[in-house]
Amino acid sequence: MDVIELAAHLMALSARTAPKATGKDFIETKVITGEDLIRLKEDMIKYGEESGKKNFDRDAKNVANSSAVLLISLSKPEKVGLNCGACGYNLCTSLRDFREGTEFAGPICAWRLIDLGIAVGSAVKTASLLNVDNRVMYRIGVSARRLKLIEGEIVIGIPLSATGKNIYFDR
């Protein structure tokens with residue numbers, strides 16, 4: 001196994017063990033390399049052209065120059081049950097079935113989205129400890145979901161690289 005791929009798996013471990021509301025886990029992870037990176041890059045370019053959205057091509061170039069990408073998703077998350085209103089509904093029972101949006105599905109309990117954020121933060125913390133260059137990218141998640149590379153209502157991608165210059169910030 002490549003050292004960057006190993007780092008991605010350690011990042012996935014950090015995402016898995018990150019704290020979650022009520023101790024229930026709806027986080028999924030998947031490490032992609034090789035042909036899947038090429039498919040991902042191609043779909044990102046295609047989606048950017050189809051949607052007219054900027055920077056899908058720029059981020060696709062980053063994917064093409066990466067050794068691996070860690071995907072982290074929130075899959076079939078249940079409501080926490082706090083009736084806090086953060087999702088836009090006063091009662092959790094009002095938050096109903098997921099509906100497909102333009103790129104992701106929702107509505108989603110805000111506390112489950114926080115779980116996703118903590119998992120992503122834990123993963124990139126691990127990358128930082130290992131000195132692996134990375135960047136959290138929503139655009140990767142859009143195409144990963146379109147390609148069904150991972151299950152989930154919302155997907156985040158974290159590309160990984162180890163070169164003399166950080167390709168994700170010096171672009």
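This is a predicted model: local features need pLDDT of at least 70, side-chain atom pairs count only at pLDDT 80 or more; totals for chains, interfaces and linings use all residues.
Is Ser 75 buried or exposed? Ser 75 is buried, since its relative accessible area is 12% and buried means under 20%.

**Around Ser 75**
- You will find Ser 75 in the loop that runs between S2 and strand S3 (99-100).
- Leaving aside residues up to four places away in sequence, Ser 75 touches Phe 26, Glu 28, Glu 151, Gly 152 and Glu 153.

**Helix H1**
- Helix H1 covers residues 3-17, and its 15 residues should span 21 Å at 1.5 Å a residue; the C-alpha atoms at its ends are 21 Å apart, which agrees.
- Buried in H1 are Ile 4, Ala 7, Ala 8, Met 11, Ala 12, Ser 14 and Ala 15.
- Looking down the axis of H1, these buried residues fall within an arc of 155°, so they line one face of the helix.
- An α-helix has 3.6 residues a turn, so residues three or four places apart point the same way.
- The partners that the buried residues of H1 pack against are S1, S2, helix H4 (110-129) and strand S6 (154-161).
- On the face of H1 turned away from the buried side sit the exposed residues Val 3 and Thr 17.

**Helix H2**
- Helix H2 takes in residues 34-51, and its 18 residues should span 26 Å at 1.5 Å a residue; its end C-alpha atoms lie 26 Å apart, in agreement.
- The buried residues of H2 are Leu 37, Leu 40, Asp 43, Met 44, Tyr 47 and Gly 48.
- Seen down the axis of H2, the buried residues fall within an arc of 135°, so they too line one face of their helix.
- Their cover includes strand S1 (27-32), helix H3 (56-64), strand S2 (68-74) and helix H5 (138-146).
- Turned away from that buried side, the other face of H2 carries the exposed residues Glu 35, Glu 49 and Glu 50.
- Just after H2 comes Gly 52, with a positive phi of about 75°.

**The cavity**
- Rolling a probe the size of a water molecule over the atoms shows where empty space is left.
- In this structure there is 1 cavity of 30 Å³ or more, and the largest cavity has a volume of about 60 Å³.
- Its lining is made up of 13 residues, with Cys 84, Gly 85, Cys 87, Cys 92 and Cys 109 nearest the centre.
- By type, the lining of the largest cavity has 10 nonpolar residues, 3 polar and no charged.

Notes
Residues are numbered from 1 along each chain as its sequence is written. Side-chain values use heavy atoms; hydrogens and water are left out. On a 1 Å grid over the protein atoms alone, a cavity is a set of points where a 1.4 Å probe fits but cannot get out, and a pocket is an open set with protein on both sides within 12 Å along at least five of seven lines; lining residues have an atom within 4 Å of a point. Grid points are joined across faces, edges and corners, and a volume is the space filled by probe spheres set on the points. Ala, Val, Leu, Ile, Met, Phe, Trp, Tyr, Cys and Pro count as nonpolar, Asp, Glu, Lys and Arg as charged, and the others, Gly among them, as polar. Helices (H or I, at least four residues) and strands (E, at least two) are DSSP runs, numbered from the N terminus. The expected span of a helix is 1.5 Å times one less than its number of residues. Buried means under 20% relative accessible area, exposed over 50%, partly exposed in between (1.4 Å probe, protein chains only). The arc is that of the directions from the helix axis to the C-beta atoms. Contact means heavy atoms within 4.5 Å.
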